[in-house]
Amino acid sequence: MALPPNATDSPLSNPLAGAIPKIPALDNSYGAMLLGTSFGLMLYGLTLHQTYRYFRLYPRDLALFKGFVIGILTMETLHTVIWMIACYHFLITDYFNATSLLTGHWTVKLNVAVTGAANLLCQLFYARRVFLLGPKSRWVVAIAAGTMTACLGFDIGATIEAFKLSLAQFPRFSWLVSAAYGCAVVTDVLLTGALIRVLLRSRTGFKRTDSTLDMLIVYSINTGLLTSITGLLVFVFALILPGNYIYAGISIVNAKLYANSVLAVLNSRRSLSSSTRVVDDFEMYPTNSSRAQRSQAGTVDTWHGPQVCPRS
């Protein structure tokens, strides 16, 4: 005897029907968090590779830059571990606990502060580079310092509110996250713009030199382009879609791009310096004594500041 078409949907044919609580759709919340964590893990692998490459290529680099690299790796490792714990908690441990999905977990609440600290460390690296361009560029660094301070304040405020409220209530304060990333984008634009301005004013009219400066301009834009785009996306999504985790997923990728952009700048010094003296002077040594050190060492192992002199 043939079963009716809907027989497989009856409680008798499916003894588990009704026993499993209905879980809300997680596509735009924890699904976005899982995708962001997955892409973040890929980029974290690149961070590990670049860190290894840095210490292999520049064992005699300045202690300051070694500290930057160790700090970046530490923050990125902590950032990655926090999101892995969050994914396991929500998607494995408490998947059938709908209340937990709404109340949240300490990892998600702490991630705003950890992400903000990791991004701030990378921005300080770029701010120092612009500061060394000379007195005419230091006013930009002063403004950038204000936006970085504001960004840190918004991150701290968002973290405090996250620990005070449940995830269901936090969307009312997601504008704090949006404001923090808005300040971060402004900081990126200021620092990149100052660097490009100096490069443009340093053109000499000689084809070889100017083509090298053009390459540096494109390089400077590219190092900040992806972080600015992803930061802008976080800014927008945290404003227009505060009730989901799309902006959180993008912020994971944004933090990893910040770290890899700084490490890429540090690791590219030797390849850039081998092409032309202009790049070497701009990217590496601020004084004649450091040039003497370079001549004695035979390789470029430090990067203390730029040497391009803008035309008056």
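I looked up V236 and found that V236 is partly exposed, because its relative accessible area is 34% (buried is under 20%, exposed over 50% and partly exposed in between, with a 1.4 Å probe and protein chains only). V236 is found in helix α7 (helices are DSSP runs of H or I with at least four residues, strands are runs of E with at least two, and both are numbered from the N terminus).

I noted that this is a predicted model, in which local features need pLDDT of at least 70 and side-chain atom pairs count only at pLDDT 80 or more, while totals for chains, interfaces and linings use all residues. Residues are numbered from 1 along each chain as its sequence is written, and side-chain values use heavy atoms, with hydrogens and water left out.

I next asked which residues make the nonpolar surface patch. W175, L232, V236, L239, I240 and L241 make this patch of about 540 Å² (patch residues have over 30% relative accessible area and no salt bridge, and nonpolar side chains are joined within 5 Å, like charges within 9 Å; a salt bridge is a side-chain nitrogen of Lys or Arg within 4 Å of a carboxyl oxygen of Asp or Glu). Helix α7 (residues 207–240) gives the largest share of the patch, 4 residues.

I then searched the whole structure for aromatic pairs and recorded 8 (ring centres lie within 6.5 Å; planes under 30 degrees apart are stacked, over 60 edge-to-face and the rest tilted). The pair of Y54 and F55 is edge-to-face, because the ring centres are 5.1 Å apart and the planes stand at 80°. Y54 is buried at 0% relative accessible area, whereas F55 is partly exposed at 34%.

I recorded a further edge-to-face pair, F65 and F125, with 6.0 Å centre to centre and 70° between the planes. F65 lies in helix α2 (residues 63–93) and F125 in helix α4 (residues 106–131), so this pair ties together parts 60 residues apart in sequence. F65 and F125 are both buried, and F65, F68, F125 and Y126 form one aromatic cluster.

I turned to helix α8 (residues 246–267) and asked: is α8 largely enclosed or open? Of its 22 residues, 20 are buried, so α8 is largely enclosed by the rest of the structure.

Finally, I counted the elements of the chain: 11 helices and 0 strands. Of the 312 residues in the chain, 48% are buried.

Notes:
Accessible areas come from the Shrake-Rupley method with a 1.4 Å probe; for residues, only the protein chains shown count as cover.
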